[in-house]
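Q: Hey, can you walk me through this structure? I'd like to start with the pockets.

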Amino acid sequence: MAAPGDSGGDDLDRTRVANIDALKEELARRSRRDRAYLIVLAGADVGKMFKLDAGETFLGRSHRATVRIDDDSISRMHAKVLLDGAEIEIEDLGSSNGTLVNEQKITRARLRDGDKIRLGETTILKFTFHDRLDESFQQKMYDAALRDPLTRIYNKKYFIDTLATEFSYARRHGTGLSLIIFDLDHFKRINDTYGHVAGDYVLVELATLVRGMLRNEDVFARYGGEEFVIVLRAIPLHHAGTLAERVRAAVEAKQFVFDGQRLPVTVSVGVAAHHAGLEGFTSLVEEADEALYAAKGAGRNRVLLKYPPDYQPPSG
């Protein structure tokens, strides 16, 4: 025990102050907004975040761009952002429709937190700094806006936005693009017989099964109710048909068991592919839908393809 008049109390006070200062420093470090980002405010992929690393970040619709934005009014290599220490600048790269910062057309400009960047006619990005908590929250909000809350695959909005982008790309570059649409046969009967909880179980299990059969670049989404879609970039019709049959067979073979009872689950599938005669991405959806309903009309639990007028089956 410290004797009266010694410095024991002062030492304790100094320790407390030091601990408080250390805590304040740690909190300040954790909350420091030191990560530079671009966030999409308007255009394709609203809410998506792009982290800016040191050096040059190129913006454009080319696959060589660091931040790729598929918008026909944006040049292939539209602008670049230079991050050099605390200095962040944006430079237009001679784009066709220009780069605007806070609605002022620029050739080169310094960026400040909160600045709005317009590329082309419809895409608007926000430049901002985030800390770790901001980044995590923003990512969760972005994911929530794109995901179906039950199955956790993509939702209808993301599917439509993606298909529109991929359709434009396929039309410009003459690459393949296929669409698979399938839905559960007699799904209402499952809900009516076994209950909606059982129906939800089937949807979740089916989504998990199919997701495991796809490439990372394939877009799998819940289109609505018991209907699902798969967007296949650079895949021709006959290969998409092969995948569709694999999906159909896997669903038929899987045992869906809920509350001790096996549920009868099959799917009908329609497949269509991009071709010159389509007016837009909605026409591709309509053609896949036609094939789906033809499959249902032919007895369900089968795959049918919608062939374009000029379709040439692969040789061999």
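Q: How do the residues lining the largest pocket divide into nonpolar, polar and charged?
A: This is a predicted model, and in it the lining of the largest pocket has 13 nonpolar, 4 polar and 13 charged residues.

Q: Which residues lie nearest the centre of that largest pocket?
A: Lys48, Tyr158, Thr162, Val219 and Arg233 do, out of 30 lining residues. The volume of this pocket is about 680 Å³.

Q: And which element gives the largest share of the lining?
A: That's α3, with 5 residues. At least two residues each come from α2, α3, β13 and β14.

Q: Switching topic: in what order do the strands of the 5-strand open sheet run?
A: They go β13-β14-β12-β17-β18, with mixed pairing. β13 and β18 are the edge strands, so each pairs on one side only.

Q: In which sense do β12 and β17 pair?
A: Antiparallel, over 7 bridges. Within that pairing, Leu184 has Val267 in β17 as its bridge partner.

Q: Last one: at what angle do α4 and α5 pack?
A: About 135°, with the axes 6 Å apart. The two helices are therefore oblique to each other.

Q: Which α4 residues meet α5 there?
A: Phe187, Ile190, Asn191 and Tyr194 meet His196, Ala198, Gly199, Val202 and Leu203 of α5. By class, this contact has 6 nonpolar, 3 polar and no charged residues.

Key
Residues are numbered from 1 along each chain as its sequence is written. This is a predicted model: local features need pLDDT of at least 70, side-chain atom pairs count only at pLDDT 80 or more; totals for chains, interfaces and linings use all residues. Side-chain values use heavy atoms; hydrogens and water are left out. Axes are lines fitted to C-alpha atoms, for helices over the stretch in contact, and angles run from 0 to 180 degrees between N-to-C directions. Helices (H or I, at least four residues) and strands (E, at least two) are DSSP runs, numbered from the N terminus. Angles under 35 degrees count as roughly parallel, over 145 as roughly antiparallel, 65 to 115 as roughly perpendicular and the rest as oblique. Contact means heavy atoms within 4.5 Å. Ala, Val, Leu, Ile, Met, Phe, Trp, Tyr, Cys and Pro count as nonpolar, Asp, Glu, Lys and Arg as charged, and the others, Gly among them, as polar. Two strands pair if DSSP finds at least two bridges between them. On a 1 Å grid over the protein atoms alone, a cavity is a set of points where a 1.4 Å probe fits but cannot get out, and a pocket is an open set with protein on both sides within 12 Å along at least five of seven lines; lining residues have an atom within 4 Å of a point. Grid points are joined across faces, edges and corners, and a volume is the space filled by probe spheres set on the points.
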